[in-house]
Amino acid sequence: ERFLPSLYPSEIADRVKSMESDLGRRLGPSVRCYAYSKLLTKENGPAVAVVAADPRKVSNIESTLFEAFLPRGLAAGIT
């Protein structure tokens, strides 16, 4: 809503927010797992790991965790 207010016309804003929340709860975890399985491959792993550890793009704790897990195989991808 903050980024694309035109997607939330006032006459249907409550319905759109409800639908967005419902889809996020029901589809969110499955879609994230699918996306991670496609992104974190041996070919893409190093590039994703660099972006994921960039403190300008993620929180400090996320950056710290990614940096800690990189040597343990995150950059090698999910097999």
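The chain holds 3 helices and 0 strands, where helices (H or I, at least four residues) and strands (E, at least two) are DSSP runs, numbered from the N terminus. Read from the N terminus on, the order of these elements is α-α-α. What you are looking at is a predicted model, in which local features need pLDDT of at least 70, side-chain atom pairs count only at pLDDT 80 or more, and totals for chains, interfaces and linings use all residues. Residues are numbered from 1 along each chain as its sequence is written, and side-chain values use heavy atoms, with hydrogens and water left out.

Let me turn to confidence, given here as pLDDT, the predictor's confidence in each residue on a scale from 0 to 100. The chain has a mean pLDDT of 78, with 84% of its residues at 70 or more. Within the chain, confidence is highest in α1, at 86, and lowest in helix α2 (residues 45-52), at a mean of 74.

Now the chain as a whole. Of its 79 residues, 16% are buried, and by that word I mean under 20% relative accessible area, with exposed meaning over 50% and partly exposed in between (1.4 Å probe, protein chains only). The chain exposes about 6,500 Å², of which carbon and sulfur atoms supply 62%; accessible areas come from the Shrake-Rupley method with a 1.4 Å probe, and for residues only the protein chains shown count as cover.

Let us go to helix α1, residues 13-39, where D22 and R25 both lie, 3 residues apart, about one turn of the helix. A salt bridge here is a side-chain nitrogen of Lys or Arg within 4 Å of a carboxyl oxygen of Asp or Glu, and by this rule the count comes to 2. D22 forms one with R25, with the closest N and O atoms 3.7 Å apart, and another with R26, where the closest N and O atoms are 3.1 Å apart. D22 and R26 are 4 residues apart in helix α1, which again puts about one helical turn between them.

Finally, which residues does A52 touch, leaving aside its neighbours within four places in sequence? A52, which lies in helix α2, is in contact with V58, E62, S63 and F66, contact meaning heavy atoms within 4.5 Å. The C-alpha atoms of A52 and S63 are separated by 6.7 Å, although these residues are 11 apart along the chain. A52 is buried, with a relative accessible area of 12%.
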